[in-house]
Amino acid sequence: MHIIPIASGKGGVGKSLIAANLSIALGQAGKRVCLADLDLGGSNLHLILGTPSPSRGIGTYLSAPNSSFEEIVSETDYENLFFIPGDAEIPGIANLQAGQRNRIVRRLMGLEMDYLILDLGAGTNFNILDFFLMSNKGIIITTPTPTATVNAYLFLKNIAFRQITMAVKKDSAAADFLDRLKRDGTALQRVYIPKLLEHIKSADQDTYTAYLGRAARFHPRLILNMLENPDDTEKANKLRRSCQQYLDIDMEHLGIIYRDDLQDTALRSRLPIILYKPQSVLAQAIYRIADKIIQSEDSAEDADGADVLVDLDESYQNAESEASSDFEAKLGYLEELMQAGALTMGDLIETVKTQQIEINHLKKENRFLKSKILKSVP
Ligand SMILES: Nc1ncnc2c1ncn2[C@@H]1O[C@H](COP(=O)(O)OP(=O)(O)O)[C@@H](O)[C@H]1O
Ligand SMILES: [Mg+2]
């Protein structure tokens, strides 16, 4: 079973939307898929799936000691897709104890599916990190905004630190070193992972080797969501460089997805976008990602389950060309709307007006920066 956790540092970047539609796409491709809502405390996947409000989920399973896990795995109206709801309405459910978390992990691992997709909550608490580390091929979602990319980076930094902690043998010199570090909050905040690894290497070779083994198997993947224009792809390149340089982690780029206003209409009609408008740029971007995932699993199987190395540089180049071709498709779609009369002159005038305001704002900012630069040059 291929486990694909979907995480982000920041909330509202599209995890649930992508988890739901990706699961449906994989199901349509003939794979048996289970989608689990692990955003405990904030679970809303059933809304995106358009399924009725669930009566049982992870929360009810944990609170009723004798209930069976199978009972919360329900069939859906979608081809080959099973769903495990989360239960947002049980207070405190987001604060799982380690034992509860392990129980869920074991149960999930025991499912017999081709794919298990995990929709996680935002942030970096241990539950989220450990759900993410159920697989070596988790997906990180970010949007191009600085807050989202910084939080994606911080999420991965927490993952790197967690992996180091997990590699550490009890009572070893490395364990001692980490304990001291954890007690000193500011040192922990400033921790530079490559430096930390150097310390561990000299203090404790066994831990270091164990960590290297983990790191070599770890292949996180990135999706850049809610693009506005092709230049936004640069944000993914930047994030990749920071992760390479400061965390020793290199991510594959799984693809870009533009912001698509149709999503709001799809949500209102309680239909996943992939069914509401399969030809939309958004739905097509999700199909493209599903294809890449299936392809990479297929080739991994060819190689006898061994890791097949994706050309990471190429994955970023592909994302860039996706960004320009999808942009053209979006413009084409606007033209169509105009011709069909679905987009009124009023809509267009409104858009031009807001853009004008934005341009004026940018001009002002530009002038301000220029004057600052001129003043600082002696
Ligand atoms: N590419 C997109 N285009 C338009 N709307 C989007 C896109 N991705 C996400 N959204 C919308 O953004 C909001 C947040 O998405 P959601 O999947 O709930 O984020 P998360 O699960 O990360 O908190 C939702 O209203 C969703 O419909
Ligand atoms: Mg969500």
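Colleague: How many residues does the largest nonpolar core have?
Modeller: This is a predicted model, in which local features need pLDDT of at least 70, side-chain atom pairs count only at pLDDT 80 or more, and totals for chains, interfaces and linings use all residues. Residues are numbered from 1 along each chain as its sequence is written, while chains are lettered from A and ligands numbered from 1 in the order in which they are written. A nonpolar core is a set of buried Ala, Val, Leu, Ile, Met, Phe, Trp, Tyr and Cys residues joined through C-beta atoms within 7 Å. Ile 6, Leu 35, Ile 117, Leu 118 and Ile 286 have the most contacts inside the largest such core, whose residue count is 90.

Colleague: Which helix gives the largest share of this core?
Modeller: Helices (H or I, at least four residues) and strands (E, at least two) are DSSP runs, numbered from the N terminus. The largest share of the core is 10 residues, and the element that supplies it, at residues 146–167, is helix α6.

Colleague: With which residues is Ile 286 in contact, leaving aside its neighbours within four places in sequence?
Modeller: Two residues are in contact if their C-beta atoms, placed from the backbone, lie within 7 Å. With neighbours within four places in sequence left aside, the partners of Ile 286 are Ile 18, Asn 21, Leu 22, Ala 25 and Ile 274.

Colleague: What is the radius of gyration of the protein?
Modeller: The protein has 16 helices and eight strands. The globule rule, 2.2 Å times the number of residues to the power 0.38, is compared here with a radius of gyration taken over C-alpha atoms. For 378 residues the rule gives 21 Å, and the protein is as compact as a globular protein of that length because its own radius is close to this, at 23 Å.

Colleague: What percentage of the 378 residues in the protein is buried?
Modeller: With C-beta atoms placed from the backbone, a residue is buried if 20 or more other C-beta atoms lie within 10 Å of its own, exposed if 12 or fewer, and partly exposed in between. By this criterion, the buried share of the 378 residues is 37%.

Colleague: Which element gives the largest share of the shell around ligand 1?
Modeller: The shell holds 16 residues, the closest being Gly 14, Lys 15, Ser 16, Leu 17 and Gln 263; a residue is near a molecule if its C-beta atom, placed from the backbone, lies within 6 Å of it. Two or more residues come from each of α1 (15–28), β7 (221–227) and α12 (262–268). The largest share, three residues, comes from α1.

Colleague: How many charged residues are in the shell around ligand 1?
Modeller: Ala, Val, Leu, Ile, Met, Phe, Trp, Tyr, Cys and Pro count as nonpolar, Asp, Glu, Lys and Arg as charged, and the others, Gly among them, as polar. The shell has six nonpolar and seven polar residues, and its charged residues number three.

Colleague: How far apart are the end C-alpha atoms of helix α16?
Modeller: The expected span of a helix is 1.5 Å times one less than its number of residues. Helix α16 (residues 345–376) has 32 residues and should therefore span 46 Å, which agrees with the distance between its end C-alpha atoms, 47 Å.

Colleague: Is Lys 364 buried or exposed?
Modeller: Lys 364 is found in helix α16, where the count of buried residues is zero. Because Lys 364 has 10 other C-beta atoms within 10 Å, its class is exposed.

Colleague: Which residue lies 50 residues from Ile 84 in sequence and 7.4 Å from it in space, C-alpha to C-alpha?
Modeller: Ile 84 lies in strand β4 (residues 81–84) and is buried, because 27 other C-beta atoms lie within 10 Å. Its contacts beyond four places in sequence include Ala 36, Asp 37 and Gly 57. The residue at 7.4 Å is Cys 34.

Colleague: What is phi of Met 226 near?
Modeller: Most residues other than glycine have a negative phi. Met 226 is in strand β7 and is buried, with 22 other C-beta atoms within 10 Å. Its phi is positive, near 60 degrees.

Colleague: Where is Asp 248 placed?
Modeller: Asp 248 has a positive phi, near 65 degrees. With 13 C-beta neighbours inside 10 Å, Asp 248 counts as partly exposed. Its place is the loop between α11 (233–247) and β8 (252–258).

Colleague: Which residues does Ile 249 touch, not counting residues up to four places away in sequence?
Modeller: Ile 249 is in the loop between α11 and β8. Ile 249 is buried because 21 other C-beta atoms lie within 10 Å. The residues it touches are Leu 156, Ala 160, Pro 220 and Cys 243.
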